[in-house]
Amino acid sequence: MLSQTPRLLEVNLSHNLIHTIEIPLDFPFTEWGLAKLKVCDLSSNQLTKFHNMHYYVPNLKHLNISSNNITEFRGDIIATGLTLETFDMSRNRLKSVDFDWLEDMKHLDLSHNGIDLEDCREYMDPKRLVWGCFSPLHRFSDLEVIILSHNQIAFIPMDFHYYLPKLRYVDLSHNKIKRLMHGDLLFTRIRDNMDLELFRTNYEEEYRHEYRFLDNVIRNGFPGSNNLTIDLRHNSISSLQLPDDKIEVVIPGCDIDSKFSRVKLLLGHNPFVCDCEVFKLLRYASKEIRPTSALERYNGHMLVVPAVIDIQDLHCSEPDSMKGKAIADVESWAYHWLPMIGMCLNHLEVQSKLGKTSEKPTKVESMDEPPT
């Protein structure tokens, strides 16, 4: 049937009983007649695998295979020769993602799967002095929106912090993130605000053969985040790691925003523990203090700077006397917190002597982390 429609631009085969769309590799391309197809909707079928389609739809831009039964996906099979811009694989049974290069991808929906990203690759960036885990998603340099809600993800991949400059929105809501580490709060600042003079001094020797183009080398080599929102609502986040030796007081003035990246973290609807650290959270949310990167502390370079945090709809889960109180509404819970003052003073004294907390780290947190 489709072989008789060589000018077909859009096909909707959703809500059927299709089990497979695999096509023999020796099937005549010209007879298939889908060379001009731009949009394909195969959602709400019974697909369990997805192979070979790229041979017959080289100009496909929008693909929807949501609400099927796909358990694994070999990205190399679809990537070669395709220029997909939007790809919806939500509501399948994926446990991991193994994508090859899809450089034109702008919108990717992987929500409502079982993805945990535990197969990420540990990486230390020696120039940014940052550490984290690379997911396969870092290959999508043009990605603007990625939906990863309702999965099993327990950490934030470093891809979103430093290597996807066109990213505007990441949905990590309804996952398994329990705590935000200090490094989770840091992002590469937008290139327009970079202090290039400091980097010229630092990298002049390394790029001595192309010094005339040093500014462009630096800008292109360190892509920054611009107006990015990361939705972390409805996780299990109970605390933020804000060590005293890795934060600084923000001096009031007209340049406060320059101390922060153009990234906002949405933290609402998480079970935050309102212990002795809650006032740090409030001061951070009000831009009175901010986390600092190793690069800034050691070299003075403000390439990596903190995100802004949004604590709207963030409520205390503990202690019982403050349970359900909105953290931003201090007047509603300050009276209940008064009996904790003595305990917190003792806690701070102990922490200053130990220099660290005794909480058991997660798998990702327990990796050998460089100073951040």
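User: Which residues are linked in a network of salt bridges?

Analyst: Side chains of opposite charge can pair when their charged atoms come close. In this predicted model, Asp244, Glu277 and Lys280 are linked in such a network.

User: Is Asp244 buried or exposed?

Analyst: A residue counts as buried under 20% relative accessible area and as exposed over 50%. Asp244 has a relative accessible area of 55%, so it is exposed. Lys280 has a relative accessibility of 15% and therefore counts as buried.

User: How many salt bridges does the structure hold?

Analyst: The structure holds 9 salt bridges. Another one is formed by the side chains of Glu248 and Arg290, at 2.8 Å from N to O. Here too the pair links distant parts of the chain: Glu248 belongs to strand E14 and Arg290 to strand E17 (residues 289-291), 42 residues apart. Glu248 is partly exposed at 28% relative accessibility, whereas Arg290 is buried at 0%.

User: In the salt bridge of Asp125 and Arg128, what is the distance from N to O?

Analyst: The side chains of Asp125 and Arg128 meet at 2.7 Å, N to O. Both Asp125 and Arg128 are buried.

User: How many disulfides are there?

Analyst: A disulfide is a covalent bond between the sulfur atoms of two cysteines. This structure holds 2 disulfides. One of them joins Cys274 to Cys316, with an S to S distance of 1.9 Å. Cys274 lies in the loop between strand E16 (271-273) and H6, while Cys316 is in strand E20 (residues 315-318), so the bond ties together parts that are 42 residues apart in sequence. Cys274 is buried, with a relative accessible area of 1%, and Cys316 is buried as well, at 5%.

User: Why is the disulfide of Cys274 and Cys316 called left-handed?

Analyst: Look at the torsion about the S-S bond. For Cys274 and Cys316 the torsion is about -90°, so this disulfide is left-handed. The link of Cys120 and Cys133 is right-handed, with 65° about its S-S bond.

User: Where are Cys120 and Cys133 placed in the chain?

Analyst: Cys120 is in the loop between strand E5 (107-109) and strand E6 (121-125), and Cys133 is in strand E7 (residues 130-134), 13 residues away. Their sulfur atoms are 1.9 Å apart. Cys120 counts as buried at 15% relative accessibility, and Cys133 counts as buried at 2%.

User: Which residues is Ser43 in contact with, leaving aside its neighbours within four places in sequence?

Analyst: With those neighbours set aside, Ser43 is in contact with Ser14, His15, Asn64, Ile65, Ser66 and Asn68. Ser43 itself lies in the loop between strand E2 (39-41) and strand E3 (62-64). Its relative accessible area is 7%, so Ser43 is buried.

User: What do the totals for the protein say about helices and strands?

Analyst: The protein has 9 helices and 20 strands. Of its 372 residues, 47% are buried. Among contacts with a separation of 6 or more, 69% are between residues 24 or more positions apart. The protein exposes about 18500 Å², of which carbon and sulfur atoms supply 51%.

Methods: Residues numbered from 1 in each chain as written. Predicted model: local features only at pLDDT ≥ 70, side-chain atom pairs only at ≥ 80, totals over all residues. Heavy atoms only, no water. Helix = DSSP H or I, 4+ residues; strand = E, 2+ residues; numbered from the N terminus. Buried < 20%, exposed > 50% of the residue type's maximum accessible area, 1.4 Å probe, protein only. Contact = heavy atoms within 4.5 Å. Areas by Shrake-Rupley, 256 points an atom, 1.4 Å probe, with all protein chains shown as cover. Salt bridge = Lys/Arg side-chain N within 4 Å of Asp/Glu carboxyl O. Disulfide = S-S within 2.5 Å.
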